Amino acid sequence: MRITALAGGIGGSRFIRGLRAQLTTTHPDGSGGTTAEVTVIGNTGDDIWVHGLRVCPDLDTVMYTLGGGISTERGWGREGETFTAKAELAGYGVEPTWFGLGDKDIATHLVRTASLAAGYSLTEVTAALCARWQPGVTLLPMSDDRAETHVVVDDPSGARDDSGRPMQIAIHFQEWWIKYRAALPAHSFAIIGIDTAKPAPGVIEAIENADLIIFPPSNPVVSIGTILAVPGIAAAIRSATGPVVGVSPIVGGAPVRGMADSCLQAIGVETSAAAVAAHYGARADGGLLDVWLVDEQDADVVETVRALGISCRAIPLMMTDVAATALMAAECLHSVNS
Ligand code: FO1
C-alpha cells in the first residue's frame with residue numbers, strides 16, 4: 001500500500017510516527033517490516049535564513065522525530081541540545097537572538113547550506129540528511145523553490161501612518177511564531193514566492209499513486225495550507241484516486257498544541273473541528289476531504305460534518321504516546337477499505 005501524508009512540524013511528525021508504528025509488524029523473532037510505503041510531503045514555508053544558514057524547521061522536525069533524534073521536551077530540535085553558539089552570537093549582538101539555534105542542529109544546517117550552495121536541490125539535500133536519520137519514510141519538501149511564509153501585522157514599534165492608523169509590516173513566520181508567540185494579531189499571511197513555486201520532484205506522483213492520502217493534525221493554515229498553496233498540489237489531491245482522510249488539529253474548540261487558533265482567526269475560520277473540515281471542503285463538492293476524524297469531545301459535530309458531504313467519525317485524537325497515535329492511524333487506514 002502507498003500512503004502519502006502532508007506534514008507540518010510537531011503535530012504532523014508525531015502522527016507520522018504513530019502511522020509508521022501501526023504499519024510496522026515485528027515478529028517474535030525480530031523480523032518484520034512495514035506493510036506500506038509512506039511518503040511525507042513536508043512544509044517548507046517556515047524555512048528561514050539564520051546567520052547565513054538555511055533552516056528547514058518542519059523538514060527537520062519530521063526527520064528528527066522519525067529518526068529518533070528529536071527533543072521530546074521541546075518537540076523540535078535535538079535531544080540533549082546545547083545553545084553555546086547561540087549565546088556567543090548574542091554576545092556579538094547579532095540578530096536574530098530570538099531564534100533557538102542549537103549546536104547539534106547547526107551541523108544539519110551547515111550540511112544543507114553547503115549542499116545548496118554546491119547546486120544540490122532541497123530534495124537531494126533532504127534525502128542526503130535522511131540517509132543518516134533513516135526516518136523510515138520518504139521525506140519530500142513541498143517544493144525546491146523558495147516559498148516563505150510571512151505574516152502581516154501592525155508594526156510592533158507602534159508606528160502609525162499620516163492618518164494615525166497603525167503601520168502594517170510583514171515579518172517572517174518564525175519571528176511571529178517564536179519572538180511574538182503568534183500574539184500579534186495576524187492580518188494575513190503572504191507566502192513569498194508561492195506563485196512561481198513548483199512541486200518538488202515526486203510530489204505530484206506521490207499524490208497520484210497514493211492508495212491513501214492523509215492530512216495529519218498539523219496547522220491547517222501555515223502548514224497544510226502552505227503545502228496546498230503550491231500550484232498543482234491541491235488540484236492533484238482533488239483528482240487523486242485514493243481517499244483523502246484528515247485528522248482534526250482542533251479538539252474541543254482549541255488547538256491541541258501550537259497556535260492554529262491565531263492562524264485560523266487571520267483567515268476568518270472559526271477554531272472548531274467542523275469549521276476546519278468546511279475550510280478544506282468535501283471532495284465530492286470540489287474540496288479536498290473524503291473523511292474527517294474528530295475527537296470524542298467533538299462527537300456533537302459529526303452530523304454537521306457529514307452534512308458537508310464529508311464522512312466523519314469521532315475517535316480519541318490525543319497523541320499521548322505512540323500507541324495512542326497508532327490507533328488514530330489505524331482509523332485512517334480503515335478508510336481505504338470503507
Ligand atoms: N520553536 C520555538 O518555539 N522556539 C525556537 O527557538 C525554535 C527554534 C527552532 C529551531 C529549529 C527548528 O527546526 C525548529 C525551531 N522551532 C522553535 C520550532 C519552529 O519554529 C516551529 O516548529 C515550526 O516552524 C512550526 O511548525
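Trainee: Which strands pair with strand 11?
Mentor: This is a predicted model. In it, strand 1 (residues 2-7) and strand 11 pair in the parallel sense over three bridges. Strand 11 also pairs with strand 12 (residues 244-247), again in the parallel sense and over three bridges.

Trainee: Which residues stand opposite each other there?
Mentor: Ala5 stands opposite Ile214 in strand 11, and the bridge partner of Phe215 in strand 12 is Gly246.

Trainee: Are the side chains of strand 11 buried or exposed?
Mentor: Both faces of strand 11 (residues 212-215) are covered. Leu212 and Ile214 lie on one side, Ile213 and Phe215 on the other, and all of them are buried. In a regular strand, side chains alternate between the two faces of the sheet.

Trainee: Turning to helices, how do helix 4 and helix 5 cross?
Mentor: The axes of helix 4 (residues 103-117) and helix 5 (residues 122-133) come within 10 Å and cross at roughly 145°. The crossing is right-handed.

Trainee: Which residues meet there?
Mentor: Thr108, Val111, Arg112, Ser115 and Leu116 in helix 4 meet Leu122, Val125 and Leu129 in helix 5. By class, this contact has five nonpolar, two polar and one charged residues.

Trainee: Where is the cis peptide bond?
Mentor: A cis peptide bond joins Glu95 and Pro96, with omega about 5°. Pro96 is in the loop between helix 3 (84-91) and helix 4.

Trainee: What is the phi of Gln134?
Mentor: Phi of Gln134 is positive, about 45°, although Gln134 is not a glycine.

Trainee: Why does Gln134 count as exposed?
Mentor: Gln134 counts as exposed because its relative accessibility is 56%, and exposed means over 50%.

Note on methods:
Residues numbered from 1 in each chain as written. Predicted model: local features only at pLDDT ≥ 70, side-chain atom pairs only at ≥ 80, totals over all residues. Heavy atoms only, no water. Axes fitted to C-alpha atoms, helices over the stretch in contact; angles between N-to-C directions. Helix = DSSP H or I, 4+ residues; strand = E, 2+ residues; numbered from the N terminus. Left-handed = near helix turned anticlockwise from the far one by under 90°. Contact = heavy atoms within 4.5 Å. Nonpolar A, V, L, I, M, F, W, Y, C, P; charged D, E, K, R; others polar. Buried < 20%, exposed > 50% of the residue type's maximum accessible area, 1.4 Å probe, protein only. Pairing = 2+ DSSP bridges.
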